[in-house]
Amino acid sequence: MYNQRIPSDTVIEMDQVLPSTVPDRCKIELLLQTLLNETEESWKTTSRQYIEQLDRPELSLEKIAELLKCKLFITQRLARIFFTRTNHDEAIENLNKYQIGKLMHILNGTMEVRALVLFKTISNNNDDDDYLTNAKLAEFFQQYFKDLKILDENRRHEAVQILLEKFHLDQKSRIDFEEYYSVVSNNPVFLKCLPQFTVNSSQIVNPRANQASEGSKLKKCISSLSCELKNYKHLKYVFTHSYISENTSRLIMLILYILINLSLMIYVIVYKARKSGYNRLVLLARICGMLLNFNCSFIIALMLRQTIVFIRSHRLLRKLIPVDDHIDFHRVVGRFIGILSILHTIAHIANFANEKKYSLASYIFTTKANSGWIGGFAPLSGVILLLILLAMVICSLKWVRSSGHFQIFYWSHLLYLPFYVFLIIHARDFWKWIVGPLSIFLLEKLYSIYARYTRGKGRTHIDSVTIDQSKAISLTIHRPKKFTFKPGDYISINLPRVAFYEFHPFTISSAPEETDFIRVHIADNGDWTKKVHEHFKGMSDEEAREHQIEIYRGDIDSQETDLHGRNSEYYHMHGTENGSTGKKESVIIKGPYSSCARYVFDSKHVVLIGAGIGVTPYASILSSLIAQFRGSHFVRRNNSHVYYISDGFNENRKLQKVDFIWLNRDFENFEWFLNLLRRFEQEQESYLALHPNEKRFLDIHLYCTDPQLASNVDNAPLELVRKICAPVARRDIYTGLKSRTN
């Protein structure tokens with residue numbers, strides 16, 4: 001029991017008090033008692049500061065577990081060990097500030113003390129003569145694993161069995177502390193994990209900061225602008241010879257764009273001004289007007305999706321035209337249009353202010369001055385155009401798009417329709433500039449509408465839905481007969497039962513070789529995506545049968561996610577039954593639209609780097625590679641053998657090597673494409689076993705960046721399991737892959 005105090009004036013000299021024959025347990029118990037008796041002045045400064053910040057004298061164990069980033073049952077065990085007098089005391093529900101500080105101080109003690117505390121925590125006993133039994137160790141880790149959804153029951157059981165073996169509890173029913181300590185002190189893995197059984201004060205959640213808001217939209221906007229400014233400042237260090245040689249087409253396009261704008265400026269100054277005799281304000285307005293004619297037509301050309309697909313499909317064209325930058329270029333031109341519009345407006349207002357015939361308001365808001373080529377409507381239409389443009393620019397800012405309000409951006413951008421109507425009315429010669437890009441744009445729109453609502457092209461239905469443990473959902477969509485795409489392409493989808501008019505873009509995560517279905521993954525991080533999640537999560541089994549949808553609820557049972565992964569092969573081999581009648585879950589797709597991921601197969605060695613759900617383009621690429629790998633290597637397979645017909649997957653391919661790097665914030669997110677990675681790993685291992693002279697085609701590198709994985713009480717058992725089990729099981733404990741998670 002650790003609630004009794006030694007008088008504070010007592011000085012303990014370890015070498016004098018403890019003879020060398022005293023067992024290790026007694027020495028460490030005395031060290032632990034010493035830490036418990038120390039006053040607040042001896043605690044770490046960070047611990048004292050943290051305790052001072054607590055706004056209440058007592059906190060519940062639930063709150064303490066949350067603040068210390070520790071599981072509740074571990075916090076309850078620690079409280080019971082240090083702050084109860086006997087085993088028959090009532091369970092502790094709260095700790096005061098001093099007790100919380102004392103607990104933090106103990107967990108920052110020596111390695112010997114931490115080893116004893118971990119022993120007591122696992123054995124769940126605060127007696128001095130307690131033992132660690134195999135039942136108690138299994139109980140601790142089964143309870144610890146309960147909230148780790150990524151570990152299925154088989155891997156949990158396997159991990160527990162390996163730990164029992166390491167502590168010799170597979171051969172005996174219990175061990176004492178001395179034997180436990182001998183195992184820990186002689187095992188390098190245990191010694192590396194033990195320092196993590198601590199409380200890192202610098203990473204504890206600040207209770208006051210936890211209550212503060214995440215920050216206003218204005219702060220986010222300022223932060224975003226600050227980051228962009230830093231990027232621009234960094235450009236002066238970028239223009240090296242290698243950078244220029246690698247970005248020649250980009251630089252040529254940028255220079256060409258600047259030269260066109262300069263040429264138009266010079267044309268207005270030299271020709272128009274001399275011919276018409278403009279004053280300076282009118283000259284500025286005319287220069288901006290001419291540049292607006294060009295840029296407002298050019299910005300349409302940057303978003304011709306089918307034209308971009310055509311350019312990407314031809315290697316020579318995509319080398320000459322930096323088509324991958326079309327969205328960034330669209331943003332730059334859009335901002336330039338905004339600046340030109342403001343200057344154009346200011347110049348005209350200043351010029352009207354100098355005129356005496358009518359008042360300023362009459363010039364701007366009426367047609368009395370008869371300014372413009374259609375009924376003197378130019379000034380008033382200019383005001384309308386400026387308001388439309390401001391709405392489009394503001395609603396397209398990053399902090400609006402990334403805050404889960406995509407529909408605001410989407411609907412505000414549809415204002416381009418009245419914008420161009422008023423612009424044709426406003427500017428006499430604008431129709432000459434717009435006729436070419438607008439004609440192509442309208443043709444693409446007509447084709448898109450035709451394809452969107454035609455069966456066999458864009459109108460289809462959902463076959464199955466998988467609800468993952470993490471905030472993601474995958475839709476398996478029946479693939480229309482005439483729908484073709486390349487790995488890495490994306491589509492815009494509309495679910496009429498969720499939102500009738502809304503289309504949202506998602507990358508296709510299935511392979512082109514999977515001819516019966518296409519799959520998209522949707523993360524739950526926006527208004528529309530939340531509606532999609534709620535729609536399918538709330539769908540009853542009866543409703544699912546009515547709409548002929550298979551729903552795999554991996555958020556409830558992780559094995560259902562694995563089942564869906566295995567069913568993917570069934571889809572590929574047998575297709576889906578589409579002859580049945582009934583009301584199916586309708587979905588409308590637009591696309592496909594290409595991305596730079598198409599270039600993967602033109603390289604010898606590619607490095608694919610994805611973060612979170614952004615890995616979907618590479619899922620499509622890897623799925624395609626699996627299909628090609630199988631198609632080029634074996635005739636048939638059974639439960640134990642794969643029969644190969646080719647000695648080289650890369651014989652007729654330029655792509656020789658793939659490094660796949662995937663970063664996630666937490667382990668649960670890896671489940672999105674684990675089945676895919678497992679299949680590829682198994683296929684590759686089987687092939688290499690039969691062809692030892694062949695090189696590995698795919699290397700998988702997984703990284704978990706969760707800040708809570710730092711050294712703390714909660715993560716020490718998990719790290720122990722990972723490092724102990726991986727060499728024995730020969731695969732990663734989290735993912736089941738042979739490639740370890742970093």
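I take helices (H or I, at least four residues) and strands (E, at least two) as DSSP runs, numbered from the N terminus. The model I consulted is predicted, so local features need pLDDT of at least 70 and side-chain atom pairs count only at pLDDT 80 or more, while totals for chains, interfaces and linings use all residues. Residues are numbered from 1 along each chain as its sequence is written, and side-chain values use heavy atoms, with hydrogens and water left out.

**Entry 1: a contact across the sequence**

I looked up Ile467 and found it in strand β5, which covers residues 459-467. Is Ile467 buried or exposed? Ile467 is buried, its relative accessible area being 1%; buried means under 20%, exposed over 50%, and partly exposed in between, with a 1.4 Å probe and protein chains only. I then noted Gly554, which is 87 residues from Ile467 in sequence, although their C-alpha atoms are 5.3 Å apart in space.

I located Asn279 in the loop between α15 (248-276) and α16. With a relative accessible area of 37%, Asn279 is partly exposed. Asn279 and Asn351 are 72 residues apart in sequence, and I recorded 8.8 Å between their C-alpha atoms.

Next I turned to the packing of helices. Two packed helices are described by the angle between their axes and the distance between the axes. The axes of α16 (residues 280-301) and α19 (residues 326-354) come within 8 Å and cross at roughly 155°. Here the axes are lines fitted to C-alpha atoms, for helices over the stretch in contact, and angles run from 0 to 180 degrees between N-to-C directions.

How are α16 and α19 oriented to each other? They are roughly antiparallel, a term for angles over 145 degrees; under 35 counts as roughly parallel, 65 to 115 as roughly perpendicular and the rest as oblique. Their crossing is left-handed, meaning that the near helix is turned anticlockwise from the far one by less than a right angle. In the contact of α16 with α19 I read 18 nonpolar, 9 polar and no charged residues. Nonpolar covers Ala, Val, Leu, Ile, Met, Phe, Trp, Tyr, Cys and Pro, charged covers Asp, Glu, Lys and Arg, and polar covers the others, Gly among them.

**Entry 2: the UniProt record**

I consulted the unreviewed UniProt entry, which places the feature "transmembrane region" at residues 251-271, 283-311, 332-353, 373-396 and 408-427. Such positions are given in the numbering used here, feature names are shortened, and annotations may be inferred rather than shown by experiment. Residues 251-271 are 100% helix and 0% strand, with end C-alpha atoms 30 Å apart. Residues 408-427 are 85% helix and 0% strand, and their end C-alpha atoms lie 29 Å apart.

**Entry 3: backbone exceptions**

Most residues other than glycine have a negative phi, and most peptide bonds are trans. I found that His168 has a positive phi of about 65° although it is not a glycine. His168 sits in the loop between α9 (153-166) and β4 (174-175) and is partly exposed at 33% relative accessibility. Gln548, also not a glycine, has a positive phi of about 55°. Gln548 lies in the loop between α27 (541-546) and β10 (550-553) and, at 24% relative accessibility, counts as partly exposed.

Which peptide bond did I note as cis? The bond from Gly591 to Pro592 is cis, with omega near 10°. Pro592 belongs to strand β11, residues 586-593.
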